[in-house]
Amino acid sequence: MNKEEIIQRGTVVECKPRLLNDNTMHYCPGCSHGVVHKLIAEIIEEMGAENIAIGIAPVGCAVMAYNYVDVDWIEAAHGRAPAIATAVKRLNPSRLVFSYQGDGDLAAIGTAETIHAANRGENIAIIFINNGIYGMTGGQMAPTTLEGMVTSTTPYGRRVELNGYPLRITELLAQLDGTCYVTRQSVHTAAAVRKAKKAIRKAFENSMNGLGTSIVEVVSTCSSGWKMSPEKANDWMAEHMFEKYPIGDLKDTVK
């Protein structure tokens, strides 16, 4: 039974998005990536944009997005997704162009590309997964790693005098004239998932309407990198991550 048939019969259920394919996801149990993938697939399907959507995924856990969401994808070198997205959107202004990036990618090696694309006001949407760690490569400290947080490269916790402060790059991007919508969300509860979906949908619509750069940060868990169960990782995120990275809109010029 497809989604239309279910709706016609008046049954309210959650359906697997048509654009989310049947490949078994490789993400660790409790990882937030799978939830965000589902939202992206749902939104593109609901917008009727499956034939015009182009996603840009760089190195890191985000790189496997092309294996799960059935739209056109380009794999970018580490950190270069906003630069690739800029070229794609300028050459194909009628396309829905978005990047899907982790914190190690967007806020470390890709800082320059991210800031300058946003400052130019490129008509792209940037989905930013912030789990405070390098998840794929062994759990090293990322720019967003919290003060005192233990990682494989900060076994005694991140120290400000040695490693500097956690980088709140989303706040920085909100100050740029080229950004039209900057928001921080999460997907750790059903209510949070609904808000995150609304935010991503708005970012995609802004891109299609030529309003400038939209950034949706999703504060996320990395249960394997944090060495926690999925349940404890969610609790730890809510207790510690949200204090440094508070949920909500940082900038919205399209109300």
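Predicted model: local features only at pLDDT ≥ 70, side-chain atom pairs only at ≥ 80, totals over all residues.

Begin by showing the open sheet of 7 strands, which has mixed pairing and the order E2-E1-E3-E4-E8-E7-E9. At the edges you will find strand E2 (72–75) and E9; each has a single partner strand, so one side of each is left without a neighbour in the sheet. From one strand to the next, the twist averages 15°.

Now select strand E1 (residues 53–57) and strand E3 (residues 96–102), which run parallel and are joined by 4 bridges.

## Stop two: Asp 252

Next, go to strand E9 (residues 248–252) and pick out Asp 252. Is Asp 252 buried or exposed? Its relative accessibility is 17%, and because buried means under 20%, Asp 252 counts as buried.

Show the side chains here: that of Asp 252 makes a polar contact with the side chain of Lys 202, at 2.5 Å. A polar atom of the Asp 252 side chain also lies 2.9 Å from the backbone nitrogen of Val 254. Leaving aside residues up to four places away in sequence, Asp 252 touches Cys 180, Tyr 181 and Lys 202.

## Stop three: two helices

Finally, select helix H3 (residues 81–91) and helix H5 (residues 111–120), whose axes come within 8 Å and cross at roughly 35°. On the H3 side, display Pro 82, Ala 83, Thr 86 and Arg 90; they meet Glu 113, Thr 114, Ala 117 and Arg 120 in H5. Coloured by class, this contact shows 3 nonpolar, 2 polar and 3 charged residues.

Conventions
Residues numbered from 1 in each chain as written. Heavy atoms only, no water. Axes fitted to C-alpha atoms, helices over the stretch in contact; angles between N-to-C directions. Contact = heavy atoms within 4.5 Å. Nonpolar A, V, L, I, M, F, W, Y, C, P; charged D, E, K, R; others polar. Buried < 20%, exposed > 50% of the residue type's maximum accessible area, 1.4 Å probe, protein only. Polar contact = N/O pair within 3.5 Å; in protein donor to acceptor, adjacent residues only side chain to side chain. Pairing = 2+ DSSP bridges.
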